[in-house]
Every structure is written in structure tokens, then in C-alpha cells.
Amino acid sequence: MDLRDRNKKGFKRLLRSFMYATQGFCYVIKHEQNMQVHLVVATIVLVAAYLVQFPLIHWLILLLVIAGMFALEIMNTAIERTVDLVTAEFHPLAKRAKDIAAAAVFVYCLFAVIIGFILFIPALMRLL
Ligand SMILES: Nc1ncnc2c1ncn2[C@@H]1O[C@H](COP(=O)(O)OP(=O)(O)OP(=O)(O)O)[C@@H](O)[C@H]1O
């Protein structure tokens with residue numbers, strides 16, 4: 001992007017930002033296996049929520065958790081690429097940065113699973 005463009009405001013710039021964000025999103029889906037796994041799991045969970053007829057509040061919580069998961073995985077990928085840009089060599093700080101970014105995804109995943117159980121167990125009990 002031309003540096004002068006950065007100071008421009010308006011709809012065109014907004015549209016361009018949206019286009020860049022879409023490119024980033026497509027990149028992560030295409031190249032990150034973890035993101036592909038998240039997509040498959042999210043689809044299964046959404047279908048299951050539909051089948052057990054989640055109430056509105058459960059849908060909202062579920063969508064928030066799924067959106068957070070996607071956003072965090074995207075940020076993790078951004079950190080990985082930035083570290084790769086800084087060094088192609090083995091460096092303890094590069095390891096720290098990537099491991100910590102991965103830990104953020106892991107912690108979120110863990111709590112997402114717990115929330116999933118809390119939401120689905122009563123719905124499944126009702127069905128049985
Ligand atoms: N430059 C580096 N220096 C030291 N350790 C590194 C470096 N690059 C990667 N690592 C170590 O290897 C692990 C895997 O890194 P990699 O870049 O392959 O990411 P990944 O976890 O495989 O992510 P993904 O498969 O989602 O792209 C990191 O978590 C880190 O421990």
C-alpha cells in the first residue's frame with residue numbers, strides 16, 4: 001500500500017482494509033491445519049446445536065466461543081509468521097514467542113471444550 005494511502009479516509013479505504021482482511025482469513029484457512037480442524041469442529045458443533053434445539057442464549061454463547069477460537073488462531077498464525085520474518089535461525093526467544101502464542105490457543109480451546117460440555121449436557125439429558 002502506498003504510504004500516502006494510509007492517511008486517506010473514506011469508503012474506498014474501508015473496502016481495501018476489508019479486502020486485505022479477507023486475504024488474511026483465506027490464507028489462514030488454506031495453510032493452517034489447526035484452522036481447518038477448528039472449522040470442521042465448529043461445523044459439527046453448530047449442526048449438533050441445531051439438532052438439540054439450543055435456546056437463543058446458548059446460541060449466542062456458542063457463536064462467541066467459536067468466533068473467539070477463530071480469531072485467536074488467526075492471531076497465532078500472525079505471530080508465527082512475524083517470528084519467521086524476524087529469524088529463520090533457531091532462537092530461544094523465537095521458540096518462546098511461538099510456544100506462548102500456541103499456549104493462548106490451547107488455553108482458549110480447553111475452556112471452549114468445558115463451555116461446550118456445560119451447554120450440551122443439559123440439552124442431551126433432555127433428549128434422553
Ligand atoms: N525459529 C525458531 N527458533 C526456535 N524454535 C522454533 C522456531 N520456529 C519454530 N520453533 C519451535 O517449533 C514449534 C513449531 O513451530 P512452527 O513454526 O512449525 O509452528 P507450528 O506450531 O507447527 O504451527 P502451525 O503448524 O500451526 O503453522 C514452535 O512452537 C517452537 O517451539
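I began with residues 59-79: the span is 100% helix and 0% strand, with its end C-alpha atoms 30 Å apart. Helices here are DSSP runs of H or I, at least four residues, and strands are E runs of at least two, numbered from the N terminus.

I noted that this is a predicted model, where local features need pLDDT of at least 70, side-chain atom pairs count only at pLDDT 80 or more, and totals for chains, interfaces and linings use all residues. Residues are numbered from 1 along each chain as its sequence is written.

I checked the UniProt record next. Its unreviewed entry places "transmembrane region" at residues 37-53, 59-79 and 100-125; such annotations may be inferred rather than shown by experiment. Residues 100-125 are also 100% helix and 0% strand, with end C-alpha atoms 38 Å apart.

I then looked at helix packing. The axes of helix 3 (residues 56-86) and helix 4 come within 10 Å and cross at roughly 170°. Axes are lines fitted to C-alpha atoms over the stretch in contact, and angles run from 0 to 180 degrees between N-to-C directions. Helix 3 is therefore roughly antiparallel to helix 4 (over 145 degrees). The residues of this contact divide into 18 nonpolar, three polar and three charged.

I turned to the ligand. Its surroundings include E32, E80, H91, K95 and D99 (C-beta, placed from the backbone, within 6 Å). Helix 2 (33-51) and helix 4 (92-127) each supply at least two shell residues. Helix 4 gives the most, five. By class, I found three nonpolar, four polar and five charged residues in the shell. Asp, Glu, Lys and Arg count as charged.

Key. Angles under 35 degrees count as roughly parallel, over 145 as roughly antiparallel, 65 to 115 as roughly perpendicular and the rest as oblique.
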